[in-house]
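The sequence and the structure are shown first.

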Amino acid sequence: MPRIQGVDIPPDKPTHISLRYIRGLGPTTALEVCEKLKIDPQRRAKELSDKEVAEIAVLLDKEYLVEGPLRRVEGSNIARLKEIKCYRGERHRKNLPCRGQRSKTNARTRKGPRKTVAGKKGVKDK
């Protein structure tokens, strides 16, 4: 099982699909990496030599923002938004959707399970 940037990529899938398991690499970038290194994207990841795996790791380290550094940049961007108290930062802090989705009835994934509030039951005025 090849290991690139601290991620075990699936050996039985084509290289360009396996590279997508690395955070920060999508379909276009994975094909671009294969093209730059002249690796056939349809070859299975387990067929890659150690030299080719090392070349991929070096290329990703030099030219692309992936895995750890990408997570740090994303985290610092969110921290900056929270610090300046902009709308998106407030939504991040309250753990609500930030991109304009409705949250009155949906957003259960982000808000978590429903917290039932007990209503006034059978209260009569005299």
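## Domain organisation

The domain assignment divides the protein chain into domain 1, covering 3-63, and domain 2, covering 72-111. The structure is a predicted model. Between the C-alpha centres of domain 1 and domain 2 the distance is 32 Å.

## The largest pocket

The largest pocket holds about 250 Å³ of space. Two elements give two or more residues each to the lining of this pocket, namely helix 4 (67-83) and helix 5 (87-93). Helix 4 makes the greatest contribution, with 5 residues.

The lining is formed by Glu74, Asn77, Ile78, Arg80, Leu81, Arg88, His92, Pro97, Cys98, Arg99, Gln101 and Arg110. Sorted by class, these lining residues comprise 5 charged, 4 nonpolar and 3 polar residues. Among the residues of the lining is Glu74, which also takes part in a salt bridge with Arg23.

## Salt bridges

Across the whole structure, a search finds 8 salt bridges. Three of them are described here, beginning with the pair formed by Arg3 and Asp8. In that pair the closest N and O atoms are 2.8 Å apart. Asp8 has a relative accessible area of 39% and is therefore classed as partly exposed, since its value falls between the limits of 20% for buried and 50% for exposed.

A salt bridge also joins Asp12 to Lys46, with 3.1 Å between the closest N and O atoms. This pair links distant parts of the chain, as its members are 34 residues apart. Asp12 is located in the loop between strand 2 (7-8) and helix 1 (15-18), whereas Lys46 is located in the loop between helix 2 (27-36) and helix 3 (50-63). With a relative accessible area of 53%, Lys46 is exposed, because the class begins over 50%.

## The link between Arg23 and Glu74

Arg23 and Glu74 form a salt bridge whose closest N and O atoms are 2.7 Å apart. Arg23 belongs to the loop between helix 1 and helix 2, and Glu74 belongs to helix 4, so this pair ties together parts that are 51 residues apart in sequence.

Both partners are partly exposed: the relative accessible area is 34% for Arg23 and 31% for Glu74.

Methods: Residues are numbered from 1 along each chain as its sequence is written. This is a predicted model: local features need pLDDT of at least 70, side-chain atom pairs count only at pLDDT 80 or more; totals for chains, interfaces and linings use all residues. Side-chain values use heavy atoms; hydrogens and water are left out. On a 1 Å grid over the protein atoms alone, a cavity is a set of points where a 1.4 Å probe fits but cannot get out, and a pocket is an open set with protein on both sides within 12 Å along at least five of seven lines; lining residues have an atom within 4 Å of a point. Grid points are joined across faces, edges and corners, and a volume is the space filled by probe spheres set on the points. Helices (H or I, at least four residues) and strands (E, at least two) are DSSP runs, numbered from the N terminus. Ala, Val, Leu, Ile, Met, Phe, Trp, Tyr, Cys and Pro count as nonpolar, Asp, Glu, Lys and Arg as charged, and the others, Gly among them, as polar. Domain bounds come from an automatic or database domain assignment. A salt bridge is a side-chain nitrogen of Lys or Arg within 4 Å of a carboxyl oxygen of Asp or Glu. Buried means under 20% relative accessible area, exposed over 50%, partly exposed in between (1.4 Å probe, protein chains only).
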